[in-house]
Amino acid sequence: KSMGIALVGLGRYSTNQLAPALQETENCHLAGIVTGSPSKAEVWKSKYNIPEGNVYNYDNFDEIANNNDIDIVYVVLPIAFHAEFTIRAAEAKKHVICEKPMATTAEEAQRMVDACNANGVKLAIGYRLHFEPFNKRVMELGQNKIFGKVKSIKAADSSDMTGGSLDVWRLDKERAGGGPLMDLGIYCVQGAVYTMGKKPIAVKAEFGEITHPAYFRDVEQSVKWEMEFEDGVVAECETSYADPEGKKLLSAEAENGWWKLDPAYSYEGKEGETSEGKMDFPNVYEQAIQMDSQAESFSKNQESIVPGEMGVRDMKIIMAIYESARNNGERVEIQY
Ligand code: NAD
């Protein structure tokens, strides 16, 4: 049976990626919406044929417990609200998919995992790149040592927010938890970890200079960091909200070869190359594959391949990066 998904938060990602992807999925479908905006509710109801009874707002959301059309709640809100809505969904006995980054702190992320366990529901993170052929190939190349052991990694994910509005949650620490490290740098953390198939031991980080103070009153403008793995393997990473180049890189040097995805993290147009030539994979609808896989796991009462625990791990790494950056690059060992 196809599982019903309710999207919580009808912003850009829900509107432009998830709802269209849910028209292509086989194991799940768009069954409900949770929104603070009555006018958006009207548009979505008619566009996607959603009955009035499957429309909730942030206040009456808990009544979703009584709705048998909805099996999965997908939290697509600004980061600071992920924990609240994940926990409320778990208490309503719904499985949860939560967008990245999972939470604003590792403690909050752990509480989300605990709430899902206590209520007997599954939690997965919206880590779409695990369902996409270029990044899956990187996991194989690195983890299966196809070109020998990995010796070093480079990862960069940056954008340019400095031409846009100042009034956005991504620039507000209270709602975003942090700046580009939370939003984009998490892809570099993920990329390095899935290249290695291992957790990093320690990190060293530095904040970049603030050259656009009007935008970065609250969150960092950029960060550069190193993640240290066993055997001295180092991933050099960077993220920024003020980079006109907009980097999207994941590359590695191994004993007998190298590989590079560029762009690695965008929804479309990924490209990859190894020391043996161009990678040849189709661009797929990764959000559709992601949700189909997660719904299938949930229906079998199994963990997703990107479970809540993976989100907790990544929050611990990110918090160690912030700690190191606040302490001028001091080496911080990560406690898992
Ligand atoms: P957005 O700003 O476009 O949408 C946010 C939604 O939350 C809006 O509908 C807004 O009305 C609602 N909202 C409720 N309370 C709010 C408040 N107090 N302040 C601001 N908005 C509030 O953001 P988005 O780009 O859709 O991102 C939402 C989530 O999805 C984030 O966690 C983000 O990291 C994640 N995301 C993931 C991907 C991915 O590739 N996996 C891509 C984009 C966004």
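These numbered points concern the ligand site and some backbone features of a predicted model.

1. The surroundings of the ligand come first. The ligand is surrounded by 21 residues, and the closest of these are Arg12, Glu99, Lys100, Arg128 and Trp169. Sorted by class, the shell around the ligand contains 10 nonpolar, 3 polar and 8 charged residues.

2. An oxygen atom of the ligand lies 3.0 Å from a polar side-chain atom of His82, and a polar side-chain atom of Arg170 is found 2.9 Å from an oxygen atom of the ligand. For Lys100 the backbone takes part, with one of its polar atoms 2.8 Å from an oxygen atom of the ligand. On its own the ligand has 830 Å² of accessible area, and the protein covers 81% of that area.

3. As for the pocket, the ligand takes up the space of the largest pocket. Helix H1 (12–21) and helix H7 (180–196) are the elements that give two or more residues to the shell around the ligand. At the level of domains, at least three residues of the shell come from domain 1 (3–128 + 288–307), and at least three come from domain 2 (133–280).

4. Pro101 itself belongs to the loop that runs between strand E5 (95–98) and helix H4 (106–118).

5. Another cis peptide bond is the one joining Asp262 and Pro263, where omega is about 5 degrees. Here the proline, Pro263, is placed in the loop between strand E12 (257–261) and strand E13 (272–274).

Terms used:
Residues numbered from 1 in each chain as written. Predicted model: local features only at pLDDT ≥ 70, side-chain atom pairs only at ≥ 80, totals over all residues. Heavy atoms only, no water. Near = heavy atom within 4 Å. Polar contact = N/O pair within 3.5 Å; in protein donor to acceptor, adjacent residues only side chain to side chain. Areas by Shrake-Rupley, 256 points an atom, 1.4 Å probe, with all protein chains shown as cover. 1 Å grid on protein atoms, 1.4 Å probe; cavity = no way out; pocket = protein on both sides within 12 Å on 5 of 7 lines; lining within 4 Å. Sits in = over half its atoms within 2 Å of the grid points. Helix = DSSP H or I, 4+ residues; strand = E, 2+ residues; numbered from the N terminus. Nonpolar A, V, L, I, M, F, W, Y, C, P; charged D, E, K, R; others polar. Domains from an automatic or database assignment.
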